[in-house]
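Work through the exercises below with the sequence and the model open, and try each task before reading its solution.

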Amino acid sequence: MKFPAFFRNALLFLSASLLGLSSAQAADWPRQIVDSRGTQTLEHKPLRIVSTSVTLTGSLLAIDAPVVASGATTPNNRVADGQGFLRQWGEVAKQRKLARLYIGEPSAEAVAAQMPDLILISATGGDSALALYDQLSSIAPTLVINYDDKSWQQLLAELGTITGNEKQAAARIAEFDQKLAALKKQMKLPPQPVSALVYTAAAHSANLWTPESAQGKLLEQLGFALAPLPAGLHTSQSQGKRHDIIQLGGENLATGLNGQSLFLFAGDQKDADAIYANPLLAHLPAVQNKHVYALGTETFRLDYYSAMLILKRLEALFG
């Protein structure tokens, strides 16, 4: 599906003309943004953003970017609401009348129907629409965003630059940093180092968050030390070359969970209980000493909303 250049340019012109840009805003544009596909020129401040990545959408909502539609995941699962949007920002999406593009499998036709002037794709992960890059880039300027190698604050700042909402991004980060600093002063840390993971009891497996992940970076900001993996441990990585997770399964599960405390992301007390009940994990110090902590099902992907919820949870646990 190819869209002629005149269609794209007419859309950009009409969007800017009809909605009106202040002279101050116009002075900041065009902007050149560098991604893995090269240097992209954004002629004006985006007015209709489509996010093909449910992970990126929460950060766009947090900085009041004009995101009009988003890809979604399976509705009503452990991390998503009835729309297939992540629980931590599902209500915000409803208030802003965010449209659902599709569930799971990306669709260029669904994206085109939203008449976007900017399309965002995640570089890796289960919500990446990278295979459709050529089709999507014929609809509107399309940027590939990495979220697996940076903190959520770095991602927020990057999206702020792309959308022209730098001030909103800076305000959200400052608000979080203030709360983090206050919590860090009063928090009594559990035994260190810690392992941070998403546990799947049915598959007897876990995704371990690395120091490069947003989750790992957040814990380190708070003063936690991440447990290094044992030397020679055989692990696998899927969904492209991801930097943020290491997959543990079978006999490697117990070996890889070598932290003195375990932090369960995207998990609740049922998941903590499942770890305690697993006989193959019974010998772990964190299990024996009851240092397994669930951080809530809204913490599968980190953004402003879920990061604030984590601070609240950690305050309840250790504050």
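**Exercise 1.** Determine which helix and strands each supply at least two residues of the lining of the largest pocket, and then describe that lining by class.

*Solution.* Start with the elements, where helices (H or I, at least four residues) and strands (E, at least two) are DSSP runs numbered from the N terminus. At least two lining residues each come from helix H3 (54-62), strand E4 (67-72), E9 and strand E10 (245-249). The model is predicted, so that local features need pLDDT of at least 70 and side-chain atom pairs count only at pLDDT 80 or more, while totals for chains, interfaces and linings use all residues. Residues are numbered from 1 along each chain as its sequence is written, and side-chain values use heavy atoms, with hydrogens and water left out.

Next, take the pocket itself, which is an open set of points on a 1 Å grid over the protein atoms alone, where a 1.4 Å probe fits, with protein on both sides within 12 Å along at least five of seven lines; lining residues have an atom within 4 Å of a point. The largest pocket has 27 lining residues, and those nearest its centre are Thr73, Gly126, Asp127, Phe300 and Arg301. Its space comes to about 400 Å³, a volume being the space filled by probe spheres set on the points, which are joined across faces, edges and corners.

Finally, sort the lining by class: 11 residues are nonpolar, 13 polar and three charged. Here Ala, Val, Leu, Ile, Met, Phe, Trp, Tyr, Cys and Pro count as nonpolar, Asp, Glu, Lys and Arg as charged, and the others, Gly among them, as polar.

**Exercise 2.** Find which element gives the most to the lining of the second largest pocket.

*Solution.* About 190 Å³ of space lies in this second largest pocket, and its lining includes Lys179, Gln186, Met308 and Glu315. Helix H8 (166-186) and helix H13 (304-318) each contribute at least two residues, but H13 gives the most, with five. By class, the lining of the second largest pocket holds five nonpolar residues, one polar and three charged.
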